[in-house]
Amino acid sequence: MNTFTRAALTVLVGLVIWFLPHTEAIKPEGWHLLAIFTATIVGFILRPWPTGIMALFGIVAAVATNSITMVQALGGYAEANVWLIVAAVFFSRGIINSGLGKRIAYTLIRSFGTSSLKLAYALACTDLIISPATPSNTARGGGIIFPIVQNISLAFDSEPNGSTARRIGAYLMTTAHTINTITVTIFLTACSGNLLITSLGAKLFGYDISWWEWFQAGVIPGVICMILMPWFIYKIYPPEIKETPQAAVMAQKELDILGPITKAEISVAIIFILCILLWSTAIWTKLHPTVVAMMGVLACVVTGSLTWEDILGERTGWDILIWMGTLVGMAGLLGKLGVVAVFADFVSQHLVGIDWFWASFIISATFVYSQYFFASGTARITALFSAFAAILVAMGAPIPFTILLFGLMNSPGCTLTHYSSGVTPIFFGAGYVPQGTWWRVGLAISVVSFLIHFWGGTLGMWLFGIL
């Protein structure tokens with residue numbers, strides 16, 4: 001399809017939804033915003049113009065039709081998590097500039113480079129080890145894992161947005177992102193969304209989920225997915241490079257060329273470790289992860305590993321700011337205008353007479369795949385958790401099971417789109433995986449992940465006496 005056809009289809013979808021009859025429970029401005037939001041998502045899929053341009057079209061349409069105000073339209077750009085993503089991209093540039101990223105990449109290749117699959121498992125283990133002490137999976141994935149994946153890919157001459165992307169980069173980006181969304185299942189402190197769920201559950205039902213209870217519910221599905229997913233992705237979206245027996249020799253030669261570790265690398269390594277420590281102690285220091293990421297960026301500037309010109313030239317970060325800020329803002333307003341609440345009521349009305357356990361399967365699936373309509377896991381939790389959890393408890397589901405179930409369901413939806421979680425735009429924005437492929441492969445991953453998390457989590461809660 002040419003640009004005009006794709007643009008026309010995008011507008012047509014919005015107009016059809018705009019003029020559809022709808023319940024009076026949704027205010028006209030809420031319904032109109034839903035039409036524009038849906039059209040914007042369709043525009044992201046059809047891409048008559050780049051994603052950032054489509055996001056701006058969405059803002060202009062929403063304000064021009066008086067669906068929202070200009071202040072509301074720009075509200076998403078003030079979201080801390082949006083700036084956390086942007087800062088993480090800038091921080092990763094500092095790691096690359098210093099040469100530390102190359103040294104880490106080549107060291108990993110030297111130790112685990114006999115196959116692309118082993119590299120994927122090495123990255124998975126890295127994420128797992130640091131996840132319990134990093135309460136922001138966006139900071140963990142974007143600031144720690146992503147630069148390493150990027151440098152490993154480039155070391156194998158796998159460039160983004162080109163014919164070499166599938167050599168190894170596309171596979172590693174997809175796998176590293178998937179694993180990042182899985183480790184949040186195992187540890188309560190691995191993701192801010194986990195803490196949001198337990199906080200809402202405590203307020204709603206008066207029951208506090210402990211770190212140990214979370215671990216009991218999440219360890220079985222989490223470990224199964226950690227073992228299965230690198231292999232599963234390897235089968236459905238394989239890299240062109242599979243066996244790499246020459247990698248260790250190549251990596252050693254490159255490390256010899258790099259020579260002894262430099263002062264710049266030492267400085268960035270210290271900044272890197274300090275950021276991890278600050279992220280991992282945020283519960284006590286009360287420092288927001290975004291502030292920590294910005295501190296890391298500024299420290300890189302002060303030590304000379306990053307310049308203002310580098311920051312201005314980091315197109316990925318600024319592109320993410322535009323389209324992610326737009327989506328976060330619109331998604332939040334859909335919740336405030338009551339659109340999401342009506343959606344939750346509609347679901348509950350169709351579950352009358354169903355056993356609570358099977359209702360939990362249906363509701364959890366609805367919760368997971370509603371991620372298509374949300375620009376972050378936090379927004380989805382905020383909008384849907386209270387309503388959906390209240391429905392299940394009213395139907396007879398145990399309170400601990402209900403809270404933990406939604407904790408488990410926080411993971412499977414994060415692979416569905418290129419905007420489904422805070423860390424997703426960083427891996428997608430690297431340019432190794434086309435948008436259509438990201439959605440298609442992400443759906444397959446999500447289906448397997450959902451089934452494992454539901455049944456594995458249920459098994460874990462039954463074995464440990466929670467259910």
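**Notes on the predicted model**

1. **Ground rules.** This is a predicted model, in which local features need pLDDT of at least 70 and side-chain atom pairs count only at pLDDT 80 or more, while totals for chains, interfaces and linings use all residues. Residues are numbered from 1 along each chain as its sequence is written, and side-chain values use heavy atoms, with hydrogens and water left out.

2. **Overall fold.** The protein has 23 helices and zero strands; both are DSSP runs numbered from the N terminus, with helices being H or I of at least four residues and strands E of at least two. The radius of gyration is 22 Å, close to the 23 Å that the globule rule gives for 467 residues, so the protein is as compact as a globular protein of that length. For reference, that radius is taken over C-alpha atoms, and the rule is 2.2 Å times the number of residues to the power 0.38. Along the principal axes, the C-alpha atoms fill a box of roughly 70 × 55 × 45 Å.

3. Of the 467 residues, 56% count as buried; here buried means under 20% relative accessible area, exposed over 50%, and partly exposed in between, with a 1.4 Å probe and protein chains only. A local example is T40 in helix α2 (residues 28-46), which is buried at 3% relative accessibility. Leaving aside residues up to four places away in sequence, T40 touches M54, A55, G58 and M330.

4. **The salt bridge.** How many salt bridges does a search of the whole structure find? It finds one, where the term means a side-chain nitrogen of Lys or Arg within 4 Å of a carboxyl oxygen of Asp or Glu. The partners are R93 and E314, with their closest N and O atoms 3.0 Å apart. R93 lies in helix α5 (residues 80-98) and E314 in the loop between α16 (308-313) and α17 (315-336), so the pair ties together parts that are 221 residues apart in sequence. R93 is partly exposed at 25% relative accessibility, whereas E314 is buried at 12%.

5. **Aromatic pairs.** The structure holds 24 aromatic pairs. Rings of Phe, Tyr and Trp (its six-membered ring) pair if their centres lie within 6.5 Å, and planes under 30 degrees apart count as stacked, over 60 as edge-to-face and the rest as tilted. Y372 and W439 have ring centres 5.7 Å apart and planes at 40°, so this pair is tilted. Y372 lies in the loop between α19 and α20 (377-394) and W439 in helix α23, so the pair ties together parts that are 67 residues apart in sequence. Y372 is partly exposed at 23% relative accessibility, and W439 is buried at 15%. F428 and W438 make an edge-to-face pair, with 5.7 Å centre to centre and 75° between the planes. Both F428 and W438 are buried. Please look at the aromatic cluster too: W356, F357, W358, F361, Y369, F401, F450, F454 and W455 form one.

6. **A nonpolar surface patch.** I354, W358, I362, L443, V447, L451 and W455 make a nonpolar surface patch of about 590 Å². Patches are built from residues with over 30% relative accessible area and no salt bridge, joining like charges within 9 Å and nonpolar side chains (Val, Leu, Ile, Met, Phe, Trp, Tyr) within 5 Å. The elements giving two or more residues are α19 (356-369) and α23 (435-463), and α23 gives the most, with four. As a whole, the protein exposes about 18700 Å², 70% of it supplied by carbon and sulfur atoms; accessible areas come from the Shrake-Rupley method with a 1.4 Å probe, and for residues only the protein chains shown count as cover.

7. **Two backbone angles to check.** Most residues other than glycine have a negative phi. R47 has a positive phi, near 50°, in the loop between α2 and α3 (51-64), and is partly exposed at 35% relative accessibility. D157 also has a positive phi, near 60°. D157 is in the loop between α8 (137-155) and α9 (169-186), and counts as exposed at 52% relative accessibility.

Methods
Contact means heavy atoms within 4.5 Å.
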